[in-house]
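Welcome! Please take a moment to look at the sequence and the 3D structure before reading on.

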Amino acid sequence: EYSKYLWIRKALPATMELVFIFQKPYAPMPAAKKRKDGTKRTHAEWAESNNFKWYTEDTLPKEWK
């Protein structure tokens, strides 16, 4: 399901950027498989590994509020 965001980013003009706002960035992704250590991939980890910027309500730039 998350691969659609990679396609959306490719379709955007070079002057636009897809940015995520997560309510709970460190919550596990719903379809994530468990790792050997028992944890699951989080939304923040996915965004960072795919070079997306992400924020929470508390970390949004002031000019966006």
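## About the model

This is a predicted model, in which local features need pLDDT of at least 70, side-chain atom pairs count only at pLDDT 80 or more, and totals for chains, interfaces and linings use all residues. Residues are numbered from 1 along each chain as its sequence is written, and side-chain values use heavy atoms, with hydrogens and water left out.

## The nonpolar core

The largest nonpolar core has 9 residues: Phe20, Phe22, Met29, Ala32, Ala44, Trp46, Ala47, Phe52 and Trp54. Its largest share, 3 residues, comes from helix 2. (A nonpolar core is a set of buried Ala, Val, Leu, Ile, Met, Phe, Trp, Tyr and Cys residues joined through side-chain atoms within 4.5 Å; buried means under 20% relative accessible area, exposed over 50%, partly exposed in between, with a 1.4 Å probe and protein chains only; helices, H or I of at least four residues, and strands, E of at least two, are DSSP runs numbered from the N terminus.)

## Two salt bridges

The whole structure holds 2 salt bridges (a side-chain nitrogen of Lys or Arg within 4 Å of a carboxyl oxygen of Asp or Glu). In one, the closest N and O atoms of Lys53 and Glu17 are 3.7 Å apart. Lys53 lies in strand 2 and Glu17 in the loop between helix 1 (3–11) and strand 1 (19–21), so the pair ties together parts 36 residues apart in sequence.

Glu45 pairs with Arg35, their closest N and O atoms being 2.5 Å apart.

## A loop residue

Asn51 sits in the loop between helix 2 (43–49) and strand 2 (53–55). Asn51 has a positive phi of about 60° although it is not a glycine, and it counts as exposed at 67% relative accessibility.
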